Amino acid sequence: MNKKEIRKISNASSLPLLIFIIYTLIGSFILKTSIKNINNGLMMIDNQSIITLIVDFAIYPILMPILYLIHYKTYGKKQNIILKDCFKKPEKSKLWCFKWIVISIGVSNLLGRISVIITELIKNVFSISANNLPISSASDLFSLLINFIVIVLFAPFFEELLFRGLIFRNIQKIGTFFAIITTGIAFGLWHNNYTQTVMAMFTGIFLCYIFHKTQSIIIPMLCHFINNLLSFSLSSSRKILNSILQSKDVEFVIHAMFTKHTLASIVYVIAILSVILLYIFGVILFIRELIKNRNKIRIIKKSSENNMSPLKKALIFFTSPITFITYTAMLILTVISLVSKPFI
């Protein structure tokens, strides 16, 4: 594979992401301005809830299919990359799939949590403050319902089709290992939020590996669904219980939780225990896999097709015009999220 082919694959893989960034930035800005003007006269609309509803519903059921179509017409059709081919029975056993779902969620979330703690410490040292949560801070029923539909239902389906079904399969022509790492980085930066970047990056890497091994999009979608369901359950229940959890009196906290907000408390406890168990078993299983397959792991691997080093391939890939603009934009938005609220 020559430089021209790598650049072509690179640009084709990044174009949907660039369109997504432009669409969401312009769309959210227009909506925020319009709704603010309406509220000045009516004062009846919850800005963030309405913006979330319109933007997210425009992104997933409308924009995502358009991105798939654009990709198919410009590149996918020639390369025979068809989404329906991803929906087939996994080539691995149920036990294997379960094991890697646990590893994916446990390890990626633990690394993500560690990265956030380190980032917060650095922000405190340099006196940087920001209120930047990946999920809306509103805890009313309408906002929770919107977040559930978008985060738990829409995201696992549409995002897996975009990143594993299209982007990963595109880049895989350059090399499977290269595609796994590159797609994982893209998935992390695509969230444009420092609190999610590291976790999403490792999740993306694991999901690409699972997709490659099972040759089916079903297991990555299921893993993504479970991960987002846990995240939503923990965040939502914590918001409802926030005032109670602020107390240092353990006896009061337990009594108040289960008398004032019984359902939210049950969800919170189950989510906390599930996350802890996933941390423990995910890390144990991952270490076991690394030890078991230590002789098969090759960090630096040359292409068998053209003997091109990973570094050279990466240089060509990331300096392709569309890819360079796309990744630079995602990186800038991620850095900006350290000191300001999200654009969307």
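Predicted model: local features only at pLDDT ≥ 70, side-chain atom pairs only at ≥ 80, totals over all residues.
Side chains of opposite charge can pair when their charged atoms come close. In the whole structure, a search finds 4 salt bridges. In one of them, Glu289 pairs with Lys99, and their closest N and O atoms are 2.9 Å apart.

Other salt bridges are formed within a single helix. Lys123 and Glu120 meet through their side chains at 3.5 Å, N to O. Both residues lie in helix H3, 3 residues apart, which is about one turn of the helix. The two partners can be described by their accessibility. Lys123 has a relative accessible area of 4%, and because buried means under 20%, Lys123 is buried. Glu120 has a relative accessibility of 28% and therefore counts as partly exposed.

A further pair is found in helix H4 (residues 141-171), where Glu160 and Arg164 are 4 residues apart and so are separated by about one helical turn. Glu160 and Arg164 form a salt bridge, with the closest N and O atoms 2.8 Å apart. Glu160 has a relative accessibility of 0% and so counts as buried. Arg164 is likewise buried, with a relative accessible area of 0%. Elsewhere, salt bridges that share partners join Lys99, Arg288 and Glu289 into one network.

The next step is to consider how helices are placed against each other. Two packed helices are described by the angle between their axes and the distance between the axes. Helix H5 (residues 176-190) packs with helix H12 (residues 321-336) at an angle of about 45 degrees, and their axes are 9 Å apart. The angle therefore makes H5 oblique to H12. The crossing of these two helices, H5 and H12, is left-handed.

Finally, attention turns to the surface. A nonpolar patch is formed there by Leu111, Ile114, Ile118, Ile122, Val125, Phe126, Ile128 and Val339. Together these residues have about 720 Å² of accessible area. One of them, Val125, lies in helix H3 (residues 94-125). Val125 counts as exposed because its relative accessibility is 64%, and exposed means over 50%. Helix H3 thus holds both Val125, which is exposed, and Lys123, which is buried.

How values were computed
Residues numbered from 1 in each chain as written. Heavy atoms only, no water. Patch = residues over 30% accessible without salt bridge, like charges linked within 9 Å, V, L, I, M, F, W, Y side chains within 5 Å. Areas by Shrake-Rupley, 256 points an atom, 1.4 Å probe, with all protein chains shown as cover. Buried < 20%, exposed > 50% of the residue type's maximum accessible area, 1.4 Å probe, protein only. Axes fitted to C-alpha atoms, helices over the stretch in contact; angles between N-to-C directions. Parallel < 35°, antiparallel > 145°, perpendicular 65-115°, else oblique. Left-handed = near helix turned anticlockwise from the far one by under 90°.
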